[in-house]
Amino acid sequence: MDNKEQSKDSSTDRSDLVSEDGKNSKSVVCQRCGSKVLCPGMAVFAEKELFLPSMRKKSGLGSTTDSSVDGDTLTAHWFVDDMYTFENVGFTNDVGRIKYLICADCEIGPIGWHCLDDKKSFYVAVERVNHA
Amino acid sequence: MDPRYDIPRRAAGGGGGSANSSPALGAQSRRRKMPPRPADFKLQIIIIGSRGVGKTSLMERYTDDTFCEACKSTVGVDFKIKTVELRGKKIRLQIWDTAGQERFNSITSAYYRSAKGIVLVYDITKQETFDDLPKWMKMIDKYASEEAELLLVGNKLDCESDRIISKQQGERFASRISGMRFCEASAKDNFNVDEIFLKLVDDILSKMPLEVTNKELSNSVLSLQPEPEVPPELPPPRMRCC
């Protein structure tokens, strides 16, 4: 039996994170402070290409002066349709029509994405959170 | 390059095969039939007070850490969802931090109207933040629901040596307003911070009879944006040809 935790290409095998019915089998927690974002079984695994500014960037993500915001286009997300599904999460002010999701306790982020045009879609990027 | 996230149709750690015969998986699927309820109650809370009193830090657990500067200073945090458990109930708090909107009239009345709890913060080391309290109370009287629970917080207890406002002064102010609670806190040391929210929620819950809370929950349309100032437009009257 191989250890999935140590699998180099973990992005292709999410069976340890996604349950049979497509939900998160583990708690979704902040990578830095461990604050719980989602309880197990509350979110659905979803694929959608979303751009999230880098978590480490110093300059502003709302800055209009530098047009090339540093970040990643991420495809794997936890999807919920109601913001009250979250245990703990923060919402940034609007950046255009987007609100980024951050950790409610240590404010690291963006860990997720929400568009004001779709009030029933909230995405948390799988790569920007830990699973416990 | 198009990495496909292949989700194998088997439970994690399971050896595949006869999933239904496994007692553990059976329990899992039974659980699945009853979807977990996200929360028992949802409450909106706003944090108000003059500039620099530490409103934002009351919402954070680790204040001395380095934050994502991009999020914090440029874009700013609009609101947070936080979960507390009290009396065996799971309560989701939607907490609005009004930092950056400290001019008394700049916080929209919608924030006040929807709030079940209002945390009014001053800085125990700054006289003017205490002197501002009556002005904040005016806003609360004007816009907030009479049922809203009020909590006065003297913040920055970690700066005890610079204290200007005594605990008694705070207590006296709160005692003049019916139903207003008072406490001192240090967001920096995380002293009393969790208690503040628990206390407030406890007060809110104890005021709500169970039937009312349930009704409240099912009827409340909680939107991301504060409600618009104008009432929704009535449907246009039907045109009739005479």
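This is a predicted model: local features need pLDDT of at least 70, side-chain atom pairs count only at pLDDT 80 or more; totals for chains, interfaces and linings use all residues.
Figure 1. Take the contacts in chain A between residues at least 6 apart in sequence: 49% of them join residues at least 24 apart. The chain has 132 residues, and 42% of these count as buried.

**Figure 2. Strands of chain A.** Nine strands are present in chain A, and zero helices. Along the sequence the pattern reads β-β-β-β-β-β-β-β-β.

**Figure 3. Elements and contacts of chain B.** Chain B contains eight helices and six strands. Their order from the N terminus is α-β-α-β-β-α-β-α-α-β-α-β-α-α. Of the contacts in chain B between residues at least 6 apart in sequence, 76% join residues at least 24 apart. Buried residues make up 33% of the 242 residues in chain B.

**Figure 4. Buried side of helix α5 of chain B.** Helix α5 spans residues 133–143 of chain B. Its buried residues are Leu133(B), Trp136(B) and Ile140(B). They lie on the same side of α5(B) because they cover an arc of only 65 degrees around the axis.

**Figure 5. Exposed face of α5(B).** This face is turned away from the buried side of α5(B). Exposed residues here are Pro134(B), Lys135(B), Lys138(B), Asp141(B) and Lys142(B).

**Figure 6. Cover over the buried residues of α5(B).** Several elements of chain B take part in covering these residues. The strands among them include β1 (41–49), β4 (117–123) and β5 (149–155). The helices among them include α3 (109–114), α4 (127–131) and α6 (167–175). The residues covered are Leu133(B), Trp136(B) and Ile140(B).

Technical notes. Residues are numbered from 1 along each chain as its sequence is written. Chains are lettered from A and ligands numbered from 1 in the order in which they are written. A residue is buried if 20 or more other C-beta atoms lie within 10 Å of its own, exposed if 12 or fewer, and partly exposed in between; C-beta atoms are placed from the backbone. Helices (H or I, at least four residues) and strands (E, at least two) are DSSP runs, numbered from the N terminus. The arc is that of the directions from the helix axis to the C-beta atoms. Two residues are in contact if their C-beta atoms, placed from the backbone, lie within 7 Å.
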